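Here is a short briefing for a reader who is meeting this structure for the first time.

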Amino acid sequence: MADAKSTPDLWLGTWALGGKGVSGTVKHSKALIDAAYQYGIRHIDTAFFYGNGQAHDTIANAIKNQRSHWHICEKVGLRWASRNRVIHSGSLDAIIHDCQVALRRLRTDYIDTLMLHWPDPHCNLATSIDGLQACVDRGYAQHWGLGNLADTQLHHLINYPNTVYQLEHNCIIDNSAQLYKTHQHAYNLVFSPLANGWLANPNHLHQAIPKSDRRARHPIYTQPSYRAACQDFHANTTTPIEDALRWVIQTPTVHGLILGPRSPEHLHQLILATAGL
Ligand SMILES: NC(=O)c1ccc[n+]([C@@H]2O[C@H](COP(=O)([O-])OP(=O)(O)OC[C@H]3O[C@@H](n4cnc5c(N)ncnc54)[C@H](OP(=O)(O)O)[C@@H]3O)[C@@H](O)[C@H]2O)c1
């Protein structure tokens, strides 16, 4: 698709606005979206399962008078199920249905980019792509994209022009090799530049995170090697947020970067940290 940009587009992430699986509060959510707008951010990333729709509602309220100014990326293919579980829903019918629900919740008549959140292990990826394409054909979405692919699935992106590819990328989970393979075919949109908070807050390494926060139970974040890599990072920096963001921004194959602030103050710090990079 595009050649690498010298500075990636900054996107506002909304996982933490959902209020489910996250410790903390959503009371600053509208103020956060307003602040992002003031800083010139016009790309927003959300998902069908963030807060079981609560993130959609917050976005709809915050952007109701500015819809055409925003590029909304909506991810489908994951849903909340009973007992607080998240399940895959990547069938053609599920994708079309969840896109229709997202349009209603977002109170908009189109989504700019509709993505498959994760490949559904119970469903052929080509079938999920047919669902995304059906949404584009019906006018629900303008583009589609994929996220979190295995190396063996990357050809699905490479076979189509103008797709978006979303994956984690930071100095602890370095996905430079995949980004290199996709950057000429897709818009590479990376998330978790602060490793879901571990690179911003060294205290998380020493204090117990509340059980309500999904990071306390995450299979990767609880691995000793992951924590050791984060400890090593903090031992070698006095400006962790700036250094973590610089590392991501300097990856030449990144086109867009999704930030994960929880408050307008977080966003302000992130904007300051990126300003000199
Ligand atoms: N496609 C996917 O599968 C996928 C997966 C994950 C995320 N995403 C998207 O990417 C977005 C960003 O991901 P992420 O939340 O993991 O991003 P991140 O930047 O790696 O982590 C965000 C966390 O960093 C901490 N933080 C952020 N700004 C800070 C600041 N200025 N000072 C101190 N701490 C700060 C907060 O941690 P504390 O909570 O500890 O304060 C916050 O919850 C999400 O909102 C979502 O839209 C997509």
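The points below cover the barrel, the packing of its helices and the surroundings of the ligand. The model is predicted, so that local features need pLDDT of at least 70 and side-chain atom pairs count only at pLDDT 80 or more, whereas totals for chains, interfaces and linings use all residues. Residues are numbered from 1 along each chain as its sequence is written. Helices (H or I, at least four residues) and strands (E, at least two) are DSSP runs, numbered from the N terminus.

**The barrel**

- Eight strands form a closed barrel in the order β1-β2-β3-β6-β7-β8-β9-β10, with parallel pairing, where two strands pair if DSSP finds at least two bridges between them.
- On average, neighbouring strands of this sheet are turned by 30° against each other, direction ignored.
- Strand β1 (residues 9–13) runs parallel to strand β2 (residues 43–47) and is joined to β2 by three bridges; L12 has I44 in β2 as its bridge partner.
- Helix α3 (residues 92–106) packs on the sheet, where α3 touches β3 (71–76), β6 (111–116) and β7 (141–147), and its direction makes about 140° with that of β3.

**Helix packing**

- Helix α1 (residues 29–38) packs against helix α2 (residues 54–63) at an angle of about 50°, with their axes 9 Å apart; axes are lines fitted to C-alpha atoms, for helices over the stretch in contact, and angles run from 0 to 180 degrees between N-to-C directions.
- The two helices α1 and α2 are therefore oblique to each other, since angles under 35 degrees count as roughly parallel, over 145 as roughly antiparallel, 65 to 115 as roughly perpendicular and the rest as oblique.
- In this contact, S29, K30, I33 and D34 of α1 meet T58, I59, N61, A62 and I63 of α2, two residues being in contact if their C-beta atoms, placed from the backbone, lie within 7 Å.
- The axes of α2 and α3 come within 8 Å and cross at roughly 45°, which makes α2 oblique to α3.
- From α2, H56, D57, I59 and A60 meet A102, R105 and L106 in α3.

**Around the ligand**

- The ligand is surrounded by 28 residues, of which the closest are G13, W15, F191, G197 and G260; a residue is near a molecule if its C-beta atom, placed from the backbone, lies within 6 Å of it.
- Two or more residues of this shell come from each of β10 (256–259) and α9 (264–275), and α9 gives the largest share, three residues.
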